[in-house]
Amino acid sequence: MIGGAAPGEGNLFGINSQNIDLRLPAGQPLSTIQGNTFGLEADGETKAANTSIDSVVFDTQSPVIFGGSNPGEGNAVAFANGTAVNPYNTGPITIRGNTIG
């Protein structure tokens, strides 16, 4: 699990990089990415300084859930310059309930 739906469980990813590359362990029954913020400051609205994100990349051969349908499970991906979410080398993937823009 990267992040979580409860308040304070999500991570803040604001980096000066082309991609945010999440290398998830292979062989897991399920990798879950929920409640995280990509490309924004902690206020959830301001573009993170020196951030240039092309995409959030998952690299795993396991199934992935990115976001969810319950409160707090969605991720926010902001200011993406390319493919905002890029599943690479994954098993089945579910993407739902996210804010991408």
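In the predicted model, buried residues account for 37% of the 101 residues in the chain. Of the contacts in the chain with a separation of 6 or more, 75% are accounted for by residues 24 or more positions apart.

An open sheet is formed by four strands in the order 1-4-7-10, with parallel pairing. Its edges are taken by strand 1 (2-3) and strand 10 (93-96); each has a single partner strand, and therefore one side of each is left without a neighbour in the sheet. Strand 1 pairs with strand 4 in the parallel sense over two bridges, and Ile2 has Ile33 in strand 4 as its bridge partner. Strand 4 and strand 7 also run parallel and are joined by three bridges. Here the bridge partner of Ser31 is Val64 in strand 7. Between strand 7 and strand 10, which run parallel, there are four bridges, and Ile65 stands opposite Thr94 in strand 10.

Strand 4 comprises residues 31-34 and is covered on both faces. Ser31 and Ile33 lie on one side, Thr32 and Gln34 lie on the other, and all of these residues are buried. With residues up to four places away in sequence not counted, Ile33 touches Ile2, Leu22, Leu24, Phe38, Phe58, Val64, Ile65, Phe66, Gly67, Glu73 and Asn75. This list includes Ile2, which is the bridge partner of Ile33.

In soluble globular proteins, nonpolar side chains tend to be buried together. The largest nonpolar core of the model has 13 residues, of which Leu22, Ile33, Phe38, Val56, Phe58 and Phe66 touch the most other members. Two or more residues are given to this core by each of strand 3, strand 6 (55-59) and strand 7 (64-67).

A pair of aromatic rings is described by the distance of the centres and the angle of the planes. Two aromatic pairs were found in a search of the whole structure. In the pair of Phe13 and Phe38, the ring centres are 4.7 Å apart and the planes stand at 10°, so the pair is stacked. Phe13 belongs to strand 2 and Phe38 to strand 5, and the pair therefore ties together parts that are 25 residues apart in sequence. Phe13 and Phe38 are both buried. In the pair of Phe38 and Phe66, the centres are 6.2 Å apart and the planes stand at 35°, so this pair is tilted. Because Phe38 lies in strand 5 and Phe66 in strand 7, the parts tied together by this pair are 28 residues apart in sequence. Phe66 is buried, as is Phe38. Through these ring pairs, Phe13, Phe38 and Phe66 are linked into a cluster.

Three loop positions were also examined. Gly14 is found in the loop between strand 2 (12-13) and strand 3 (19-23). Its relative accessibility is 38%, so Gly14 counts as partly exposed. Gly14 is 27 residues from Glu41 in sequence, and the C-alpha to C-alpha distance between them is 7.0 Å. Asp43 is located in the loop between strand 5 (37-38) and strand 6. Asp43 counts as partly exposed because its relative accessible area is 49%. The side chains of Asp43 and Thr46 are joined by a polar contact of 2.6 Å.

Ser62 is placed in the loop between strand 6 and strand 7. The relative accessible area of Ser62 is 1%, and this residue is therefore buried. Not counting residues up to four places away in sequence, Ser62 touches Pro25, Ala26, Gly27, Gln28, Ser31, Thr90, Gly91 and Pro92. Among these is Ser31, a buried residue of strand 4.

Note on methods
Residues are numbered from 1 along each chain as its sequence is written. This is a predicted model: local features need pLDDT of at least 70, side-chain atom pairs count only at pLDDT 80 or more; totals for chains, interfaces and linings use all residues. Side-chain values use heavy atoms; hydrogens and water are left out. Buried means under 20% relative accessible area, exposed over 50%, partly exposed in between (1.4 Å probe, protein chains only). Contact means heavy atoms within 4.5 Å. A nonpolar core is a set of buried Ala, Val, Leu, Ile, Met, Phe, Trp, Tyr and Cys residues joined through side-chain atoms within 4.5 Å. A polar contact is a pair of N or O atoms within 3.5 Å; within protein, one must be able to donate a hydrogen and the other to accept it, and residues adjacent in sequence count only if both atoms are side-chain atoms. Rings of Phe, Tyr and Trp (its six-membered ring) pair if their centres lie within 6.5 Å; planes under 30 degrees apart count as stacked, over 60 as edge-to-face and the rest as tilted. Two strands pair if DSSP finds at least two bridges between them.
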